[in-house]
Amino acid sequence: AACSMGNSTSRLYSVLAKTLSSGAVAQHQDCLEQLDSAQLDPIDPKDLLEECQIVLQKRPPRFQRNFVSLKKNTASNHRPIRVMQWNILAQALGEGKDNFVQCPMEALKWEERKCLILEEILAYKPDILCLQEVDHYFDTFEPLLSRLGYQCTFFPKPWSPCLDVEHNNGPDGCAMFFLKERFELVSSANIRLTAMKLKTNQVAIAQTLKCHETGRLFCIAVTHLKARTGWERFRSAQGCDLLQNLKNITQGAKIPLIVCGDFNAEPTEEVYREFSNSSLNLNSAYKLLSPDGQSEPPYTTWKIRPSGECRHTLDYIWYSQHALNVNSALGLLTEEQIGPNRLPSFNYPSDHLSLVCDFSFNQDPDRLL
């Protein structure tokens, strides 16, 4: 079948429309294989946002969140690097396994939830986007974000729980996207995390990028550690494995590092202490929002399941505090905004909040730990 893409807005809409339902994946598989995203016309983000808002016109408007300036009196001679971290909630899990008892199934329809996710990304315009629980990479995020100028990488879990759900869209995994106009890819590693020398079902992506503007190298990593209580030692072992990989990639922290992830671990857990006390000299960016700069936010995920209400801090953006400054961070949703039925909802597409930080390089590139 011919895969006519039309022109301008109709061209854009045909791509968006193709991602509106799981059934479209099989229907357009040949088309997706034929279309090299790099050969497609670029998308104007304003046009894509407009398309999303048309789909979402019956939903409540997006929540207002403001950036909090954290910049000390350190002048920066380059544009900040905006990094976005988000567990977007795998579609198969949201509809089939997670049992959000207060969230209407109507709110989880992919046709609209996808547009809510895209709207959130387009609103904050990250230079680097790190996502977990991505199960619509090939039919949605890669074709659209590549046309917005991002280079895209995906690493699925070996045994994704999405595959246990009827009418799934394939495995979920971690995905990373960076703007090619700002960065050049120097090296990339897909890491299958180990625990007690055993390969696990959790993964990470680590990429070394070169900033066009400054010529500086830095490493960006994304991960999603094992979920659930009772697996604390397992997460700790996975964290140690990831840190060891990152030590090798960054040559023992000579290359600045940013690590984004859903760690499935509260700050009281061992894996959190491992990252805090690592020789890579990492700090958690969102601690800087607290009055003393020492406390994590009260929550990054808030949901209601049959077992009860779950309000936890599990998501983090770690960074090399000797080499990078946090200029600002996006404030969290308030309890009032989230509402009594918690997340996800008609207002917000995931059970996890997105985290967004603006980073700048320390002005002394030779400064050591």
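Predicted model: local features only at pLDDT ≥ 70, side-chain atom pairs only at ≥ 80, totals over all residues.
Residues are numbered from 1 along each chain as its sequence is written, and side-chain values use heavy atoms, with hydrogens and water left out. Local features need pLDDT of at least 70, side-chain atom pairs count only at pLDDT 80 or more, and totals for chains, interfaces and linings use all residues.

Seven strands form an open sheet with mixed pairing, in the order β1-β14-β15-β2-β3-β5-β4. Strands (E, at least two residues) and helices (H or I, at least four) are DSSP runs, numbered from the N terminus. Two strands pair if DSSP finds at least two bridges between them. β1 (67–69) and β4 (150–156) are the edge strands, each pairing on one side only. From one strand to the next, the twist averages 20 degrees. β1 runs antiparallel to β14 (residues 324–330), joined by three bridges. S69 has S328 of β14 as its bridge partner.

Helix α7 (residues 137–147) lies across β3, β4 and β5 (173–179). It runs at about 160 degrees to β4; axes are lines fitted to C-alpha atoms, for helices over the stretch in contact (heavy atoms within 4.5 Å), and angles run from 0 to 180 degrees between N-to-C directions. Nine of the eleven α7 residues are buried (under 20% relative accessible area, 1.4 Å probe, protein chains only). Among them are Y137, F141 and L144. Just after α7, G149 takes a positive phi of about 100 degrees.

The structure holds zero disulfides (pairs of cysteine sulfur atoms within 2.5 Å). The closest cysteine sulfur to that of C52 is in C115, at 4.1 Å, too far for a bond. C52 is buried, with a relative accessible area of 0%.

Notes. Buried < 20%, exposed > 50% of the residue type's maximum accessible area, 1.4 Å probe, protein only.
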